[in-house]
Amino acid sequence: MPRVLMLRDQEPRSQVEELGVDQLPDRSVSVDIDYSDLNYKDALAVTGKGKIVRDYPFVPGIDFAGTVRESHSDRYAPGDKVILTGWGVGERHWGGFAETMNVDAEWLVPCPEALSPRDSMLLGTAGLTAMLSVIRLEQAGLAAGSKVLVTGATGGVGSWAVQMLAQLDYEVHAVTGKADQHAWLKELGASEIVDRSELDGDTRPLEKGLWDGAVDTVGGKVLASVLARMTYQGRVAAVGLAGGTDLPTTVMPFILRGVALLGVDSVMVPFEQRQAAWQRLAALPRDLFTRMHVEEVGLGQAATQAEAMLKGKTRGRVLINPHQD
Ligand SMILES: NC(=O)c1ccc[n+]([C@@H]2O[C@H](COP(=O)([O-])OP(=O)(O)OC[C@H]3O[C@@H](n4cnc5c(N)ncnc54)[C@H](OP(=O)(O)O)[C@@H]3O)[C@@H](O)[C@H]2O)c1
C-alpha cells in the first residue's frame with residue numbers, strides 16, 4: 001500500500017495517504033521511489049500559490065529516483081535504477097511524492113552507475129538545469145576563466161550552478177539576498193558576492209559591462225539589470241522566474257553589445273540531451289555533493305518546506321524521503 005502526499009482543492013490542501021496499487025495511474029513502468037526533492041515548482045504546486053496543478057486529487061513531485069518494480073516496456077526491467085525529471089510529471093501527471101509511482105518509460109533515464117538515487121535527487125531538476133545552463137553557455141562560446149554571474153545563488157539551481165561553474169574554472173560572482181550566506185557561497189566556489197539589492201531596482205538598458213556570462217534564476221528587474229551589465233557579446237542563460245516573469249529592458253543590450261539571451265528548459269529537453277547532461281553530472285567530483293546544503297524531510301514536512309521556499313528561506317536542496325513521516 002504505497003503512501004503518497006495527496007493534494008486536494010480544499011482544506012487541508014495536502015495530506016499523507018495510503019493508496020491501493022490499483023489507484024495509481026495506468027502507465028508502463030512502476031517505480032519504487034527512494035527519494036524525491038523539492039523544487040520551486042513543487043513549492044508552488046504544494047502550496048497552491050502557483051497555477052501548477054489543475055486536476056485534483058493530485059500527487060505532486062516533479063522529480064524522483066528509485067528502482068523499477070514492474071515494467072511493461074522493453075526499455076526497463078525490474079531492478080533497474082532510474083531517474084525521472086520533468087515531462088509534466090508533478091504538474092499534469094502524478095509525481096514523485098510517493099513510495100511507488102507508475103510512469104511512462106519514455107520519461108525515465110537510467111541512473112548513472114556513479115550516482116546513488118539520493119545523489120541524483122540531491123541534483124534533481126535543479127542540478128540538471130544548472131548543467132543544461134553550463135552546456136548552453138559553453139555552446140555559445142563562453143570560455144573558461146570568464147567572469148560569470150549567478151543570481152538566486154543560494155537556491156537549488158543557483159547553488160549547483162555556482163559549484164559547477166567554479167569547478168570548470170570560471171570566475172563566479174554570486175548574487176544573493178541572504179547576508180548570512182556569503183561564507184557558504186565562497187565555500188561553493190564563488191569568488192565575489194553581489195548583494196541582490198544592487199540588481200533588483202530599475203536599470204538603464206545599458207550600464208558598465210561587468211560580466212561575460214550569467215545564469216539567471218530570478219527574471220524580472222534582476223534579469224534586466226544583468227543584461228545591462230554584460231560585456232560585449234556576453235551570454236545570459238535565462239532559467240527562472242523567482243523574482244518575476246516580466247523583462248523590463250529594451251533591445252539595446254542585444255543590438256549594441258551583441259548580448260545573447262539563451263533560454264534553458266529542463267522539462268521537455270530531449271532524451272539524448274538529458275542523458276548527456278546526466279553523464280556530466282555523474283562525473284562531478286564528490287566534494288561538490290558534500291558541500292551542498294541539504295535538508296532531508298518526510299512527506300508530512302513537504303508543505304512546511306514549500307512555504308519556506310516561497311518565502312526565500314531555504315538554501316541548497318530539500319530532499320523528500322517518501323518513507324519518512
Ligand atoms: N527552466 C527550467 O527548466 C527550470 C528548472 C528548474 C527551476 N527553474 C526555475 O528557476 C528558479 C529557481 O528554482 P529553484 O528550484 O532553484 O528555487 P529556489 O531553491 O527557491 O531558489 C530560488 C532563489 O532565488 C532567490 N529569490 C527568491 N525569491 C526572490 C525574489 N523575489 N527576488 C529575487 N530573488 C529571489 C533566492 O536566492 P538568494 O536568497 O540567494 O538571492 C532563492 O533561494 C525558479 O523560478 C524555478 O521555477 C526553471
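Student: Which domains does the domain assignment of the chain give?

Tutor: Keep in mind that this is a predicted model. The assignment gives domain 1 (3–114 + 283–321) and domain 2 (126–263).

Student: How far apart do the C-alpha centres of domain 1 and domain 2 lie?

Tutor: Those centres are 28 Å from each other. As for contacts, 15 residues of domain 1 meet 18 residues of domain 2.

Student: And what area is buried between domain 1 and domain 2?

Tutor: About 1,400 Å², with carbon and sulfur atoms giving 61% of that. On the domain 1 side, Arg-291, Met-292 and Arg-315 supply 38% of the area buried against domain 2, more than any other three residues.

Student: How many salt bridges are there between domain 1 and domain 2?

Tutor: The count there is zero.

Student: Switching to the inside: which residues of the largest nonpolar core touch the most other members?

Tutor: Leu-123, Trp-160, Met-164 and Leu-165 do, in a core of 48 residues. Helix 2 (117–139) is among the elements that each supply at least two core residues, and helix 2 brings the largest share, eleven residues. Both domain 1 and domain 2 contribute at least three residues each to this core.

Student: What does Met-164 touch, leaving out residues up to four places away in sequence?

Tutor: Its partners include Leu-123, Ala-130, Val-134, Leu-281 and Leu-288. Another core, of 28 residues, lies apart from the largest one, and Leu-24, Val-53, Phe-58 and Val-59 are among its members.

Student: Last one: what does UniProt list for residues 14–320?

Tutor: The unreviewed UniProt entry lists "domain: Enoyl reductase (ER)" there. Over that stretch, the chain is 30% helix and 25% strand.

Key:
Residues numbered from 1 in each chain as written. Predicted model: local features only at pLDDT ≥ 70, side-chain atom pairs only at ≥ 80, totals over all residues. Heavy atoms only, no water. UniProt positions renumbered as here; feature names shortened; annotations may be inferred. Helix = DSSP H or I, 4+ residues; strand = E, 2+ residues; numbered from the N terminus. Core = buried A, V, L, I, M, F, W, Y, C linked by side-chain atoms within 4.5 Å. Buried < 20%, exposed > 50% of the residue type's maximum accessible area, 1.4 Å probe, protein only. Domains from an automatic or database assignment. Contact = heavy atoms within 4.5 Å. Buried area = accessible area lost by both parts, 1.4 Å probe. Salt bridge = Lys/Arg side-chain N within 4 Å of Asp/Glu carboxyl O.
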